[in-house]
Amino acid sequence: MDEEKKELIEVEKVNNTEEKTQQTKKVEEPKKDRKGFCIASMVLGIIALVLFCVFYISIPCAIVAIIFGILGLKSTERGMAIAGLVTGSIGLFISIAIIVIVFIAGVAAGISDTLNGNYNSTGNYRNYELYD
């Protein structure tokens with residue numbers, strides 16, 4: 001009988017240790033903190049804001065900064081995620097505004113030249129003073 005009791009006690013100890021290891025495994029899983037997204041969002045947002053005139057760099061950086069900022073909002077570094085969202089949004093807005101203004105200015109200049117008679121239907125500028 002003593003041997004049976006010893007075996008039962010050993011089995012209970014093994015079962016208890018297995019339950020404890022399973023419990024510790026659940027506790028030891030690291031939380032998914034998204035600090036990297038926050039930092040990347042802020043850095044890309046600043047790049048987009050500083051280089052707003054270079055639209056082929058600014059617009060992709062701003063879009064990625066906004067995406068990373070949204071992904072990073074649930075982390076502990078929420079302030080950096082918000083900063084990345086704001087700077088990315090402002091950089092994107094300024095870049096698009098510059099492109100639209102340049103396009104409108106170009107169209108207006110073309111219309112102005114056409115109305116003044118400096119442009120003919122073949123696509124060449126007429127300047128009779130050069131040929132005199």
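**A friendly note on this predicted model**

1. Residues are numbered from 1 along each chain as its sequence is written, and side-chain values use heavy atoms, with hydrogens and water left out.

2. Now for the overall layout. The protein chain has four helices and zero strands, and its elements run α-α-α-α from the N terminus on. Helices (H or I, at least four residues) and strands (E, at least two) are DSSP runs, numbered from the N terminus.

3. How many aromatic pairs does the structure hold? There are two. Rings of Phe, Tyr and Trp (its six-membered ring) pair if their centres lie within 6.5 Å; planes under 30 degrees apart count as stacked, over 60 as edge-to-face and the rest as tilted. One of the pairs is Phe37 with Phe68, which is tilted, with 5.2 Å centre to centre and 55° between the planes. This pair links distant parts of the chain, as Phe37 sits in helix H2 (residues 35–50) and Phe68 in helix H3 (residues 55–72), 31 residues apart. Phe37 is partly exposed at 31% relative accessible area, and Phe68 is partly exposed at 23%.

4. Phe55 comes back here, as it pairs with Tyr56 in an edge-to-face arrangement: 5.7 Å centre to centre and 80° between the planes. Why does Tyr56 count as exposed? Because its relative accessibility is 60%.

5. Next, please find Ser58 in helix H3. Is Ser58 buried or exposed? Ser58 counts as buried because its relative accessibility is 0%. Leaving aside neighbours within four places in sequence, Ser58 is in contact (heavy atoms within 4.5 Å) with Ala48, Leu51, Phe52, Gly91 and Ser95.

6. Last, the whole chain. Of its 132 residues, 17% count as buried. Among contacts between residues at least 6 apart in sequence, 62% join residues at least 24 apart. The accessible surface comes to about 10,400 Å², with 65% belonging to carbon and sulfur atoms. Such areas come from the Shrake-Rupley method with a 1.4 Å probe; for residues, only the protein chains shown count as cover.

Note on methods
This is a predicted model: local features need pLDDT of at least 70, side-chain atom pairs count only at pLDDT 80 or more; totals for chains, interfaces and linings use all residues. Buried means under 20% relative accessible area, exposed over 50%, partly exposed in between (1.4 Å probe, protein chains only).
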